[in-house]
Amino acid sequence: MRTMNWMILALLAVTMTAVAQQSASAPQNPQPVAATQPGQTAAQPSQAQSGQAQTNLAPPTTMDQVVNRVIMREKDLIKFLSLRTPIVETYLQNLTQDPQLGPIPQDDHYFLGRMDLSDSIDRNDYLQDKGKDEGMEKRLLGGLTKKFKFQYQPLGFSWMIFADRNDFDRQHYDFHYARREFLGDVRCLVFDLTPKKDAGRGRFLGRIWVEDHEFSIVRLNGTYARPSRNSYYFHMDSWRLNLVPGYWVPSYIYSEEGDFTAGAKNKIAFKAQTRMWGYNLKTGTPNDELTNIRVDSVKDDTPTAQDATPLAAEREWQQQAEDNVIERLERSGLVAPEGDVDKILQTVVNNLEITNNIELPRPVRTRVLTTSPLETFSVGNTIVVSRGLIDVLPDEGSLAMVLSHELAHIVLGHNLGSQYAFNDRMLFSDESTYQNLGFKHIPEEETAADKKAIELLKASPYAQKLESAGLFIKALQACAPQLSALLQAHLGNNITENGRVTRMAQLATSAPALDWNKLDQIAALPLGGRVKLNPWDDKVEIVKAQPVAITSARDKMPFEVTPFFPRLSRYGPASAPASTTAAVPTTTAATATASPSPTN
Ligand SMILES: [Zn+2]
């Protein structure tokens, strides 16, 4: 299963354009659209309720009418999403130029928050000590400030979910039709947008792709215009997916700045992936949650009721804690619903269990944490592995290594989290999850689990595949000092300590030498190559993509972020929901060509 998705994409334009302060509270200016389009005035206000209604409108016959429809659809989307509070995650790598490997990560940053799309765009952070300069952040909107040194503004990375939250209209923008083009299976009209002279600061400048059925924007690529003195906007490539009938939902944003040509004097160089998910999560208040307390999660179906022995009671207690935690994490969008990826993890766990004659009172279950940082933990008999970690593992042997450590904790009875059987401990806001839940073992248990895990692996079918697992550890060791944010666990134990890999480090000793120039030696993959996450319902699935040949050491990009290039398709029974979320970049889709084949 050595699939890889290497992307060699034409990078976005990286000229530094400076920032601006956009007044977030600019009054919403309704419809210059209706003025030129009398036939549509009546339909406009009600559109937000149903995207389907769009199809009843007469198809536009001129480009002018198309533009009016695009504006109307964008306003519909803003309204449709106004009650949603999706999770937004940005992972950013600052870059430095390596003579051999090209631009490589120098250090990194991680932001996780919940977006509020109601009146303007706002966010609440999950991680403490981030976004201290809240007032500044709200005024900036564009990305980074150089007040003292360059400081990234988390909100800036998600700013391009809309072209212009408040003033997306003909009064503020000129629309120039460029051409037709396919993005994946979807035929699009392409427009270049420029803000009008007196449109003010913080206006979108760039290109939009509009699908040709209902004229929804499916992709935006560009930046914001009109600089101010001490901050910048950066460039963004923003993708939407057709995850619900009638609406294309903002899903991925790639940002990049930096110029490594000889003589360039650019101060900042970075690349960042922003993912949004959890659109369909309940916006729970603590009061709602009170009604959700689980009273009993274990049904006693023995024919004659028996009292539990002390050990049976202890096990039931642990299971109740386990169920509480997993359910709570799923409800806050941090654990994906059960699905196909779990089956793959489960198979590997079963292989380890069977060959080691492990018999536990309850089956071991596996779940996927939806976030990027590389981490694992277990609660009761459930092993949780992060999406980011599954992404970068090169093969099944290294996956077995990761799972064996947590299985060892379970086998050794290192049970954590029984305090969560008390339901009051589940009553916290989603944003404070990391302050309220934690599954970190003491160092002695970590050492014991590693030792046991190696025993389990050596007696398993993976005994012959431990070289690649060891190589993965070596690659991680080589990159760890630059990736402290990616390696910061938020619920479980860190797999590194002060830049040194500690988890399963012993396996590295028997692995071959790490050699970036050896093109067939793949020690670790880029982020985003294995697991795709559906932004609407949080389901995860394994990416199916054609492997792309590696032609130089620079193609390996271990642990790195890359541009997004989802294969777009329309919502429908045939494609939904799985293939709709072509979440992950593939080179096959890298060049969207204006193919004449009418797939629609
Ligand atoms: Zn551990």
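Contact here means heavy atoms within 4.5 Å. The model is predicted: local features need pLDDT of at least 70, side-chain atom pairs count only at pLDDT 80 or more, and totals for chains, interfaces and linings use all residues. Residues are numbered from 1 along each chain as its sequence is written, and side-chain values use heavy atoms, with hydrogens and water left out.

**View 1. The whole chain.** The chain holds 13 helices and 21 strands. These are DSSP runs, numbered from the N terminus: helices are H or I with at least four residues, strands are E with at least two. Of the 600 residues, 57% count as buried. Buried means under 20% relative accessible area, exposed means over 50%, and partly exposed lies in between (1.4 Å probe, protein chains only). Among contacts between residues at least 6 apart in sequence, 69% join residues at least 24 apart.

View 2. Three residues supply the donors: H405 through NE2, H409 through NE2 and E446 through OE. They lie 2.0 to 2.1 Å from the zinc ion. Their spacing along the chain is H-x3-H-x36-E. H405 belongs to helix α10 (residues 396-411) and E446 to helix α12 (residues 443-458), so this pair ties together parts that are 41 residues apart in sequence. Both H405 and E446 are buried. Donors are N, O and S atoms within 2.8 Å of the metal (3.2 Å for Na, K and Ca); water is not among the atoms, so sites may look incomplete.

**View 3. Helix α10 against helix α12.** Two packed helices are described by the angle between their axes and the distance between the axes. For α10 and α12 the angle is about 115°, and the axes are 8 Å apart. Axes are lines fitted to C-alpha atoms, for helices over the stretch in contact, and angles run from 0 to 180 degrees between N-to-C directions. The crossing of α10 with α12 is right-handed. A crossing is right-handed if the near helix is turned clockwise from the far one by less than a right angle, and left-handed if anticlockwise. On the α10 side, the residues in contact are A400, M401, S404, H405, L407, A408, H409 and V411. On the α12 side they are E445, E446, A449, D450, K452, A453, L456 and L457. By class, this contact has nine nonpolar, three polar and four charged residues. Ala, Val, Leu, Ile, Met, Phe, Trp, Tyr, Cys and Pro count as nonpolar, Asp, Glu, Lys and Arg as charged, and the others, Gly among them, as polar.

**View 4. An open sheet of three strands.** The strand order is β15-β17-β16, with mixed pairing. Strands β15 (365-369) and β16 (376-379) stand at the edges, each with a single partner strand, so one side of each is left without a neighbour in the sheet. From one strand to the next, the twist averages 25°. β16 and β17 (residues 382-386) run antiparallel and are joined by four bridges. Two strands pair if DSSP finds at least two bridges between them. T376 stands opposite V385 in β17.

**View 5. I383 and its surroundings.** I383 sits in strand β17. Its relative accessible area is 0%, so I383 is buried. Its C-alpha atom is 4.7 Å from that of T366, a residue 17 places away along the chain. Leaving aside neighbours within four places in sequence, I383 is in contact with V349, V364, R365, T366, R367, F377, S378, L403, E406, L407 and I410.

**View 6. Strand β2 and its two partners named here.** Strand β2 (residues 87-98) is mostly covered, with nine of its 12 residues buried. β2 pairs with β3 (residues 102-116) in the antiparallel sense over 12 bridges. Three residues separate β2 and β3, which form a hairpin. R114 in β3 is the bridge partner of I87. β2 is also joined to β14 (residues 270-277) by eight bridges, and these two strands run antiparallel. There, E89 has R275 in β14 as its bridge partner.

View 7. N423 lies in the loop between α10 and α11 (433-436). N423 counts as buried at 15% relative accessibility. M504 is in the loop between β19 (500-501) and β20 (531-533). Phi of M504 is near 55°, a positive value in a residue other than glycine. M504 counts as buried at 1% relative accessibility. D538 lies in the loop between β20 and β21 (540-542). Phi of D538 is near 70°, again positive in a residue other than glycine. D538 is buried, with a relative accessible area of 4%.
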